[in-house]
Structures are given as C-alpha cells and as structure tokens.
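Subject: Handing over a two-chain model

Dear colleague,

I am passing a structure on to you, together with some notes on what was found in it. Please keep it open beside this message as you read.

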Amino acid sequence: MSVQNVTIKMKSKKLYWKGIEQLNSESTIVEGLENNEFVEKLPVNSKQENDGASRRDFLKYVGFSSAAAALAGCEGPVIKSVPYVVQPEQIIPGVANYYATTIADGNDFSSILVKTREGRPIKIESNRDASSFGDANARVHASVLSLYDANRIQGPKISGEYTDWDTMINLVKVSLQNFKDQKKKVVLLTQTYPSPTTNNIINELLDEYPNVSHVIYDTISDSTVLDAFENIYGIRAMADYDFSKAENIISIDADFLSDWQGGGYSAGYTKTRVPDKSNNKTMSYHLQFESNMTLTGSNADDRVPAKPSQLKKIISRIHSRITGSVDLNGSLTPEIDKYIDLSIERILSSPNKSVVVSGVDDVEVQELILQINRSINSEAIDINNPRLIRKGNNFELSEFISELNSGKISGVITSGVNPLYSLPNSESVKQSFQNLEFSLVFSEKEDETAKSAMYVAASNNYLESWGDYEFKKGNFLLAQPTIRPLFDTIQFQDFFLKLLGSNENFYERIKSNWQNNILKGKTWGKSLQDGFYNDFTSFNLRPRKLSSSISSTSEDSSEEFSLVLYSKTGIGDGSQSSNPWLQEFPDPITRVSWDNYLTMSASDANKLGLKNYNVSNGALNGSYANISDGKNQLKVPVLIQPGQTNGTVGLAFGYGKTEGMKDVMKVGVNAYTFYNNFSKTQTISISKVKGDHEFACIQLHNTMMGRDEIIKETDIDTYNSKEKSYWNPTVMVSKNHIETKVTSKEVDIWREFDRSTGHHFNLSIDLNACNGCGACVIACHAENNVPVVGKEEVRKSRDMHWLRIDRYFSSEDTFEGDVKAKEGTSGFREYRATQTKLETAAENPKVVFQPVMCQHCNHAPCETVCPVAATSHGRQGQNQMAYNRCVGTRYCANNCPYKVRRFNWFAYAENDEFDYNMNNDLGRMVLNPDVNVRGRGVMEKCSLCIQMTQKTILDAKKDGRRVVDGEFQTACSNACSDGAIVFGDINDKDSKISELNQKDRAYRLLESIGTKPNVLYQVKVTNSKKV
Amino acid sequence: MVLKHFNIMIKNLIAPLRMLLIKRIFLTVLLFPFLSISQEADIQAGKSLFNANCAACHQLNRKAVGPALSGVTEKYDKEWLYRWIRNGSQMIKDGDPQAVAIWEEYNRAVMTNYPQFSDEQIDNILAYTSFTPPPPTNTSAINTESSSQGSSISLNIILAVTILIFTILIVMLFLVQRTLIKIANASGLKIETDTKRNITPLWQTIVKNQFLIFILVIGFLLSSAYFTYGYLMQVGIDQGYAPIQPIHYSHKIHAGANQIECKYCHSSARVSKHSGIPSLNVCMNCHEYIAEYNGEEDLENGYTRDFYTNEIKKLYSAVGWDEQNQVYTGNTKPVKWVRIHNLPDFVYFNHAQHAQVAKIECQTCHGPVEEMEIMYQYSPLTMGWCIDCHRESNVDKNNEYYQRIHEELSKKYGVEKLTVAQLGGIECAKCHY
C-alpha cells in the first residue's frame, strides 16, 4: 500500500509520518518497507544461504541427527563371533601366551619375551633368565608396534609392481648367474648378523657366486672400536664390560647407559649405584668427561664438559699417568686437570676395581683404553667373551661407495640397512645406485633404498622370523616367530636358501646347526623355550701389539664448532622412526618429542643470537640455525641445553626420513648428512637464520628452585654419617603454632581407612637406580593402550603418557645448593633475585630423573572433587578411575597436586585426524584386549596396572594358593631392568616393597599436603668428589 | 485371526475321527512285521545287542568307522558273517579276500572280535540290521499332537461356545428392542430420545475445575516420567535376546536330553575370561559319529528329525567333513555365530573367576540352558544385577588364597561369612579398567 492509498481510505483517521521519505509517494524504500521489515536483505544469512544451509538448518540437522543417533543407539548392534574351526591347543581365547625370542636389528640387541593374545603379539618384555646381555630398552619395547606398521610392503615388488616370489627368485637367479658368467662384481651389503646359521648361508652364497662380496655396514659405526680390538687381540669384536664389578668408572664420552657399543650396560651399572647403610653397601664413583649432555653424563657423580679435542688428550693423559709413559700432547684447562688428577687417584686406590671407557671415534684412543684397563687389571672388562654384535668396517664401506660411484659394481643386494638414507653422501650414492644393472633390497618398508631398487623383497618383521644369534662369545640366542607373516613376506635367509636350491628352510638349518654344533647337553626344545643357550668356555686372548700414545691431536679454531652426532634414546639409528610411540616418547634429557635439534650451550647461543622462548600457551619455540661443513648445509632448530660443552653442538641421528612412513612422522633433519668418514665428531660452522621452530617439549620448567619436597638429594658422606632426620626429615606442619609431623594423626583432616588386611599395593621408585632410560614409559604405552596424540597436541601439553619421567637441572652446582640459596635469602628483593636466578639451570648442572605417575593417594584430592564419583578409592590402595562414569569436568585434574591426570580432548582411536596407529585395523592389533580404549571427553590416568594385579590374584585363586612376592608387577616395574621401580604388597611383611617402605631413604612426594600417596621415592644419594 | 481360530476349531472337531483311523493304521503297520519276523529272530534283542556292541562304530544306513550294516545279510553269506564277527582279525590274517577288502577299505582298522556271541545272538543282530522300521513320523506325530493339544481343545470349545452365546444374546437384545419400539409406535407412545436438559457437559465441568486439572497434570507428568524412566532404563538391556543362529544349535538336546556338561564344550570358562564358543573340532568329537538326529521331535515348532539332521549337515559343511568318505576335505567355512551376551567394552568380566574360583553354576546367570531350544539372554546383565549378587554371595574361605584375609576381615566385621562386596568386590575398578 502506498501512502496515497492510505490517505484516501482512512481520511477520517489521523495520519502519522514515520519519516520524510513517506512524503515522497514514488519512493521505493517506503514501498519496500511496507512489504518487508528491512529495505535490503540483511547480510546475516546471505553467506549461509549461498552455502545451502543456515545456522538454523544446522541446528535442525544436529537435533535430528542426535535424536536419530540416540534412537539408533537403543538397538544394540548384532555382534558376530567366529570361533576357530580347529582351535590350536595352545591358544585359549582370553589367555596370554609368552614366547622367548631375540631382537637384533643392528641397533638393539636383547633376549625378549613376547606376550601374545589370540595369536597377536601385543607386548615385549625382557627375558630375565637370559641376563647375560642387556635388557629390553624403550625401542625394543616399542618394536611390537613396528610389526603393525601400515606402511609395510605387502609382497615382493619388481620395478614398483607387485609380483610373486617364484618369479622374483627365478629372475634374481638368472641375473646372478649372468653376473657370475661375466665375472661382474655384485656386493651384498648387510647389517651385522651375529648369527651362526645366517653366516653359514651367506658363506654358501659367496661360494656359489664367487663374484659376490659381502660388505657389513653398521649404520652407526663402531669400526674404530673393532679395529682397536682386532689390532690388539686379533679378532674383530668389542670388549664386554660388567660395571657391577667397578668401584670407579671413568668414562670419556662413553654413553654406556644408552647405545654405546650396542648398549645394555645399565643393569650392571645400577647394581653398584644404590647405597644401603643397613647392609654396609656403598656406591661406585662415576666420573664422566663429555661434550654433549648424555644420559650417562646426567647420571654421573661428577661430570666434566670437554670438547672432542680435549677428550683425546684426557685419555692420553690418563694413559701416560697410569703406565708411566710420556704424554706428548698439549695442555688442558685447570678444571679438567683437577679431574684427571682425581681419576688417577681413584684408579690407583683400587686399580682392579676401576674401569676406563671411551666413546671417542678413534682407533688409537680405543687401543689406549684397552691398554689402560689391561694395565690396571680391571675386573670390569671382559676380553675373553667379547661382543660380536658389530662387524662393520669403515674402510671396506668407503671402498664400496667409491667403487659404486665409479661404476665398478654391477649389482647390489642389501638387507637390514638403508644406505640411501643413512650414508653421508646419499644423494650421489643414490644416482649410482639407480644406475646399477641389478639391485635387490630386502626391506620391511618402502624406504629410500627400496624406492630406488629394481627388486624389493618384502621382509618379515623380526617377530615373524626365525633366527639364531651369538651376541657374545658363547652367548647363543634363538629367535622364533610369534605370529605368521602378516603379508606375503619372506626372510632373506629363506630367500637365499631357495636361491641356492636348498630343500631345507631356515628353521631346519638353525635346528640342525644347533643340534650338531652348538648345543651340548641341552635339548633343542628346551633352548627354544628358554630362548638362549650359554656356553662360556672362553678362549684366552693374548694381546699382540701395544700402542703407546696418540700420534696427534688437533687444536680447535675458536670460530668453528665441533658437531657431536649422537643417537637418541627414542629413535636410535632411525630404523624405527615410523613408530609413533617412539616419536612421541620425550627425550629423557631435553624432554622434546617429535624432533631432532641442535643442542647448544646457553653462552654459545647467546653469542650467536639464538634464542629459546615460551609462547603464551607455554609451548617452546627456538631459533633456526644454518650448519655447514663446507659441503653440506642444513637448517636446524636450536635447543639450548644446559651442560653442553661450550664450542660444541649435538645433533641426533635417525630423523629426516622421507620414504616409507606416514607424513606426520616425517620430522626433523637427517644428521647422517654430516656423518663424514663415519666419525661422530665433525667440524662445522653455524650461522643464525630467520624464523622460529615450534618444539613439542613437554616439560616447560627445568629446575626445582630449591623445593626439596619433590626431589630429595644428599651426598654419600652425609647419608652415611648423619641420621635420617638430617637428610630426609619428615615434613613438619604447624598446628596451633606447634610444629607437628605431617604424618601424625592430629593434623590429618581425613578419616583413615584400615588397610591392614588384604593386599595394599605400593610402588617404590629409587631415584638412585633410575637413569631415565624410559623403557617404563613405552611399556606403559603398550600395556594400557595409551594413545599417541601428535606433535601439535603435545605442544599444547596434551600428551597422554600415564607415566612421565621428569628431569630437573640444578641451578647451583647441586640441588642441595639450590635449597641453601633459597633458604639463605632475606628480604623481598633478595628473594626475588634468587628466585629469578634459580629459574635458570646452571652451566653444568646436576641432573635428576623422577618418574611420576598417579601417586594413588590414600587421601586423594581428586576423589573429593569429582561430581559424579567417577574416581574413587579401592581397599588395595588404588585410586580408581571409572571411565564410563566420567563426564569430563576435569575438576580432578585441576585438583591433582602431581598433575598426572590425562584428559581425552579428542577421540584418538578410529579418528583419521590422528593418523598414528589407532586409526587403522593393523595398528589396532597391538591394543591390549584387557584394557579399555578410552573415548573422547574422559579423564584417564595410571591405574597401577590393575588388570595385571587382578590377573595375578586370579591365578592364585585358581590354584588355591597365596600370592608369592615378586608375582605382583606393573608394566613399569616389569620393564625396569635396573630395579628402580619396585611394586608389591606392603601387607606382605616379607616382601621387597615392605622392606623398601621401611628404608631410611623412603619419602613421599609433596608430603606436606597430607595426601598419603601409595607411591614412594627413595632419596637420591650422590657420590660427588667435587674438587 | 478369526480364520486361524476357525481352522483350529475344525481341526479339533476332526481330530477324534482321525485318531480312530490312525490307530488302526498304526496297529497294522507296527505289529505286522513283528508278528511275521518274530518267529525267526528277536529284533528287539538284536537292537539292544547292536546298541551295546556295534553302534560305536557302525550305523545302519551310512558309513561310520565301519560300513553301514543295513542289508549286510544280502551282501555276505551268513556263515561268513558268523566267522567274521567272532574272529575277523584271523580271517584277515588268513587272507580271506572279502575280509581283506573290507579291511583295506576302512583304513586297515580291525574290527573287535566277538567270540562270545552265540549264533542266535548274531541272528538277532542281523535281523535288526535287515529290519526296515516303519516310517516313524506318523506315529510319533500323532502321539505328540494328541497329547499336547488335549487341554487346548476343551479351552477353545468353551471359548467358542461362550462367544456364540454372547452373540446370540446381543442379537436377541436388539431384536427385543426393535420389537418394543415397533409396539410403542403402534400404540402411539412418543419415546423421548433426546434428553436436552440444561446441564453442562462433563468435560466442561472438568475443564472448569482447576484443582482437578492440576491433579490430572501432575498425574500425567508423574506417569509419563515413570514410563520414560522405565523406557530409558531398558535401553541397552537385551534380556531375552534370542537371535537366529546360522546353525540351529539346541542346548535343550545337548545339555538337557544328553546331559553334556557345560564346560565340556565351553572349556575355556575354567581358565579364561571368555567362556568361549567351542571350535568346530569340539563338535566333531561327537558328531563324527552322530550324523543324524534320532531323539524327540517338536512338531509344533517344526523341529522334526529331518530338521535337526539337516542342521548337523550344516556343521559338516562348515567344518569340511565329507560324510560319504569319512574324511576332512579342508574346505572350511567358519560359522559366524551371533553373540548373545554382549557386555560393553568398559566392563571386564572373567568367567574363570566365577565358574572356577567361585564355583557358580552356569545356570545362575545363564538360566535354564538345558531347557532352551533357542539360546537367549536370561539375565539382564546390568550393573545392578551384578552388584546385587556381589552383595549377597559369600567367598569360599576354603580356598587358601582367601584364608588369611577371610579370617582377619570376618573378625573385624564380626561376621561368620564374608560377602564379595566386603572384600572389595563392588569397587569400580574391579570391573572397569
């Protein structure tokens, strides 16, 4: 209606004008307003309309779909159960089977027990009966997940196309025969196989095809050590050490608690590291000279930072002082000199109870080490049963590379190695490799080498393979398959046997070889069940040549940095870098996951203008730097590492892979680029480049700031001479202005539940025995179906590890110094200054590792705040978490003083946003069927492995007997080869945990808040001889 | 409905007639052969001898460990059979061609010798083997039908008669009313059909009464809350769930009629958290010899002998058993059973704890399985149901594991017997982890 019409129609009525526009009868605006509320269409909905659905529509859809989902949820799904047609007699659904087998992937060596459920391997445990070699470390524990890697090759491939084995074997046979006839050279490049039967087969192959030569390639070389041993003792092996026999351990850059010379030394080391006043047991002294801050260095009583050039001099000096020869090498710093004096003093005080070890990559150095230990008659070194796990030869390898590049080689067969990734000059090698007439690669994944190969022979995982090993002279081990090959794969020994036309398979070969040549008095069946056979009828090795000194040591120029390459506890040499558990595993020292980085001292970083800083949500960022050795360049993030020697930087191997793995795993840079001449120390120059790197660091605060309630530390003299009340006092609180013990009843606001009947579980963690290796973290992952959340989420502090190993640096020289500095302050200003100072770690700090899981407080703060009683307490001491009851308020996590509760921010299982292992059928095969997979919006935490204690109890009930001490285990206590974590029932008065509970060193975390945890810690005692 | 009912009525009327007829047939069919053969040999005696001595390896109409025996008298000479049954192994040794042929055919399995049998006994057995029993379906069918329907006949008749009477009464009432109205009209009486009085209708009275509305609304809300709660509480509870299985397996026949121990098949209930669906090789422990069903039938539901025998054939095809040649072909088709008892993933339940340690009868939770033709979920399997039992059940103090804790705790709580709950059996994480 126009205004005019209105006036005509309603003449009698008064007319009100809404605006001047209404006077204009022609106005379209007025007309528009008559019909619509607004003149123009509101922009609010336009976007949604274009998209096809408005906000209201969205709400309708949500409403409808949730109603439909709710209705659909009322009908239970039809679940099919398919029993076996013929059930294997050893498999009972719901009951786990254990098989003894062996891992020897070139980087990790261990006799293990594999837990299988319904035929699926789900967990790795150490085979403690075969204790003559090291126990399973974090990588070995995680290796079960590598079996279910979605990126495995599913069958043999020729030029990228799947084929069948017969075709491939025939083609390979024809090729090899041709090369044999034409006398063309073929090289078999393998990892070290310390396997008697495998070596027999390789020898047969070499006999059949004389044109084939065998080159052994250890990805991270120990060639210098082997050369030194060979020079002196005549066989290519490495000395074995037993640190439990050493009172003085002088280590010059030997990271023997992680991967030094094959690793596995930590259990022996720990035996002498736990003092006990009541048994008159003292502890060994461990002095470490090193460049990077290593796991071993962080556990040392005294740690002296030294540059690689100085390390050589130190050994030379120690050698000359002990043997009385002349030291021709130059001067060292006064600080280092003092510690050399100390170590000589210590060694001479009990020479045969001392041992000197070194990780310096130099033949002469390694010869001197052997000689030092010989001249002090060290009991800790074993020459007669040496380690056979490394055989690689740098010289042969270099020769192979130059021949390959010059085209003298026609064909290459590789097994267990990935040279196109791990060789320093892999780009040029790749060219030559692709130009080969023939290349056959045995690989589990389509890695860099397999991508460039003509024939890719899909290999079995070690859990699908047979094998036999001799790790040490006389220490024989067997490997057996724990599952049928998941794909159409074969192990290379069987491939070669078929190639050679043998009618036996590898299993039959091993069996006959063992029965005829190895076993004496033990049956094959028993050996297979045990997984090992020891025959230490050692031979007596005589030294044949003794070198006297190091010929030359170079001086560093001040402009350049020494790059010290190392292998990380999680990733190692990189063979398992597509394992999400290991990628998410935080490095024990830096606490950074999903990355490698250049570790640098604070003062060097300052000089170069490189920074580390925390962003607003706490996550850590760091500057990028360019490193160059003249030929190669890399852009790497820099992480400031307390304890890193000035003038040196560290970079970890194993990262920067680009093939055969999911995209999310392709993290870090390839440090092998700088592994020139297979030497771990290189000279590089560093310059700052623009940009910041985002780290996934899960510990944002690195120091204790003098809070002695979390880490209690004392030194051995105080421990021995003073009462407990001096070095481990019970915390006092004030009640009515009277100091009262926090453990006394008067200050307790809770009603105590009597737990003296039945089981009462406690967990003891010995800070002296824990060296931070992290095997427990991975074991917990495997046992409890802990999800992997990825780098972005870890950065947001949303990691899901139920068990974390906190690492603290001291701000002063010791943690006790921190406490004193804090207590010595007076006045606000001084207090603030001290606090600020205590926030930063010292240049060469003391380090302590503290595993923290749910403390299972008897008076748990989390339980009182849960609005739905989803977390409650059991009579056996566990703080229980009922996931199905949890509504996700997260009050409990906020009220937990130990910050051990983990929230499922997302559905991590069956969610492709988290492309790790729980989103595919293959990866889910590793899940423990006895433990729930938690859903979104649910809180979770350590349960003290209640599924394991319940099983132990049920086993006892079925047998009608009591539980024996040692039967109760958690995943972490079971994984700890060092005895740092002990679990048990304190109501069993004869149990080990009861004894530990009564020890003077026992204390509880944050005792003053009165939570009465069921987890106890043992005070860390150091044996520092600070000079 | 009506039609079906009518059918039954007619059937019921005819049934007595049929009975008479069939009894005559039954007598002639069943008794005639007895009369005719009993002069030569006693078939009944032969049958019991057969069952006691031969049935382990022989069937009448099909191969088992040994050959099918039906018609054996036609294949072999009687004298030869006497010798064979008494000392067959000697005949094989002596190289009797027929004996050796059988021996070769049946995997060189030697038949047990029965030297103790008299000629008469062997005759009886042979008579039984050559006796063709009358088609058994008729007799048993009639028997079960008549016995099972006896009670329902009278009920149905009473029902029908009552309905008939009521219908007649209603019709009569209408007729009477019509007649009366006619009479009234004829006599000029005016019947007031519309009672238009000035009274407010009932519904308006109710609407105006606010208190009543209030009460009604409250009542409505309460009752709807009650039913909603009831509905929601049964969500996810599948009590009575009895899915159709790929093979009709009757617990009634196995656990009931044949009294097979539950844990013979569900053996992992002793050691594992799963009771386990038996693998097919367990079925074949018996069914290698039991190829056909000879037990009772349930014709009302269609469970005839043929039906059951056919289900056994399904087992054979799944396990890959070649019945003709008595060999496994290796061609297996695993059976996809429909799982009946489904606990949510967040519940941990262990059969060994209950069946082995606590020695609870399977029937306590699974109901009268031995009476179930089709297996169904007997218990609600709700948490409340679990907890109730844990509150009431006592632990076995004779188990050495429990001894000390039982002694100490019972003293503390001042009770003779401890319940599972008192030992911590209703803590969350005992079942949820």
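Because B:S154 has 10 C-beta neighbours inside 10 Å, it counts as exposed; a residue is called buried if 20 or more other C-beta atoms lie within 10 Å of its own, exposed if 12 or fewer, and partly exposed in between, with the C-beta atoms placed from the backbone. From B:S154 to B:Q259, which is 105 residues away along the chain, the C-alpha atoms are separated by 36 Å.

Before going further, please note that this is a predicted model, in which local features need pLDDT of at least 70, side-chain atom pairs count only at pLDDT 80 or more, and totals for chains, interfaces and linings use all residues. Residues are numbered from 1 along each chain as its sequence is written, while chains are lettered from A and ligands numbered from 1 in the order in which they are written.

Chain B as a whole has 17 helices and 3 strands, and buried residues make up 14% of its 433 residues. Its domain assignment, whose bounds come from an automatic or database source, gives domain 1 (40-134), domain 2 (201-235), domain 3 (251-378) and domain 4 (382-433). The centres of domain 3 and domain 4 of chain B, taken over C-alpha atoms, are 32 Å apart, and 7 residues of domain 3 are in contact with 5 residues of domain 4, contact meaning that the C-beta atoms, placed from the backbone, lie within 7 Å.

How many residues of chain A are in contact with chain B? There are 40 of them, in contact with 45 residues of chain B. On the chain A side, the elements that give two or more residues are β1 (80-81) and α32 (946-959), and α32(A) provides the largest share, 6 residues. The strand β1(A) is also joined by 2 bridges to strand β3 (residues 337-338) of chain B, and the two run antiparallel; strands pair if DSSP finds at least two bridges between them. Within this pairing, A:S81 has B:W337 as its bridge partner.

Strand β9 (residues 238-241) of chain A runs antiparallel to β14(A) and is joined to it by 3 bridges, with A:I381 as the bridge partner of A:Y241. Elsewhere in chain A, 4 strands form an open sheet of mixed pairing in the order β40-β33-β42-β41, and its edge strands, each pairing on one side only, are β40 (981-985) and β41 (1002-1003). Strand β33 (residues 761-766) of chain A is joined to β40(A) by 5 bridges and runs antiparallel to it, and A:F761 stands opposite A:D985.

Finally, chain A averages a pLDDT of 89, and 92% of the residues score at least 70, pLDDT being the predictor's confidence in each residue, from 0 to 100. Over residues 1-12 of chain A, however, the pLDDT is below 50, and this stretch has 9 contacts in the model beyond near neighbours in sequence. Where pLDDT is low, the predicted coordinates should not be read in detail.

With best wishes

Notes
Two residues are in contact if their C-beta atoms, placed from the backbone, lie within 7 Å.
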